[in-house]
Amino acid sequence: MTGELMNDIEFAADCQTRLGLDLLSGTWTGVVLWTLRTGPMRPRQLRDRIGGISHKVLNETLRRLEQNGLVTRRRYAEAPPRVEYELTGPGRGMLEPLFALSRWTERYADEVLDAQERAVSGL
C-alpha cells in the first residue's frame, strides 16, 4: 500500500479491516485456504497435503471457513458419502494477502526469530 492509502485506514477495534485479520487469525486458516488454491479437495486430501493437522482441527477449520463464506462444502449422494471443499470468491480473494504475507515472511522471518530468541534468553 502507498503511504497515502495507509493514512486513510484506521485500525479501530470495530473497523472492517479487523474482519480480515480475525478471519486469518486461526492457526490453520491460512494453510487450509492456501492448500485449496488448486481446486476442490476432500478432507483426506487436505490432511495429506497439509500434514501435521488433526482430523478434528481440520474439520473445525473447514466449518469456520464455511460459516464465514470462504469455502463451500459439496456433498455427493454416493455410498460411501463424499464431501469436497472449494474456495468461494472471497476465499480466493484471501490468497492475495496470504501471498503478500508469504513474501513478508521470506524477507523478515530470520529477524523475527532472532528477536524471539533474544527475548526468551533475556538478552
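**Exercise 1.** Is Tyr108 buried, partly exposed or exposed?

*Solution.* The model examined here is predicted. Step 1: the relative accessible area of Tyr108 is 25%. Step 2: a residue counts as buried under 20% and as exposed over 50%, and as partly exposed in between. Step 3: Tyr108 is therefore partly exposed.

**Exercise 2.** Determine how many aromatic pairs there are, and classify each by the angle between its planes.

*Solution.* A pair of aromatic rings is described by the distance of the centres and the angle of the planes. Step 1: the count comes to 2 aromatic pairs. Step 2: Trp34 and Phe99 stand 6.5 Å apart, centre to centre, with 10 degrees between the planes. Planes under 30 degrees apart count as stacked, over 60 as edge-to-face and the rest as tilted, so the pair of Trp34 and Phe99 is stacked. This pair links distant parts of the chain, since Trp34 belongs to helix α3 (residues 29-35) and Phe99 to helix α7, 65 residues apart. Step 3: for Trp104 and Tyr108 the centres are 5.6 Å apart and the planes form an angle of 40 degrees, which makes the pair tilted. Both Trp104 and Tyr108 lie in helix α7, 4 residues apart, about one turn of the helix.

**Exercise 3.** Which residues form the negative surface patch, and which form the nonpolar patch?

*Solution.* Step 1: the negative patch consists of Asp110, Glu111, Asp114 and Glu117. Asp110 has its place in helix α7 (residues 95-121) and is exposed, at a relative accessible area of 60%. Step 2: the nonpolar patch consists of Leu101, Trp104 and Val112, with about 270 Å² of accessible area together. Leu101 is also found in helix α7; its relative accessibility of 46% counts as partly exposed. Trp104 is partly exposed as well, at 43%.

**Exercise 4.** State how many salt bridges there are, and identify which residues are joined into one network.

*Solution.* Step 1: the count comes to 5 salt bridges. Step 2: one of them joins Arg44 and Asp48, whose closest N and O atoms are 3.3 Å apart. Arg44 and Asp48 both lie in helix α4 (residues 43-50). Arg44 is exposed, at 52%, and Asp48 is likewise exposed, at 52%. Step 3: Arg82 forms a salt bridge with Glu78 at 3.1 Å and another with Glu84 at 3.2 Å. Arg82 and Glu84 are buried, whereas Glu78 is partly exposed, at 39%. Step 4: through shared partners, salt bridges join Glu78, Arg82 and Glu84 into one network.

How values were computed: Residues are numbered from 1 along each chain as its sequence is written. This is a predicted model: local features need pLDDT of at least 70, side-chain atom pairs count only at pLDDT 80 or more; totals for chains, interfaces and linings use all residues. Side-chain values use heavy atoms; hydrogens and water are left out. Patches are made of residues with over 30% relative accessible area and no salt bridge: like charges are joined within 9 Å, nonpolar side chains (Val, Leu, Ile, Met, Phe, Trp, Tyr) within 5 Å. Accessible areas come from the Shrake-Rupley method with a 1.4 Å probe; for residues, only the protein chains shown count as cover. A salt bridge is a side-chain nitrogen of Lys or Arg within 4 Å of a carboxyl oxygen of Asp or Glu. Lys and Arg count as positive and Asp and Glu as negative; His and the chain ends are not counted. The place of a charge is taken as NZ of Lys, CZ of Arg, CG of Asp or CD of Glu. Helices (H or I, at least four residues) and strands (E, at least two) are DSSP runs, numbered from the N terminus. Buried means under 20% relative accessible area, exposed over 50%, partly exposed in between (1.4 Å probe, protein chains only). Rings of Phe, Tyr and Trp (its six-membered ring) pair if their centres lie within 6.5 Å; planes under 30 degrees apart count as stacked, over 60 as edge-to-face and the rest as tilted.
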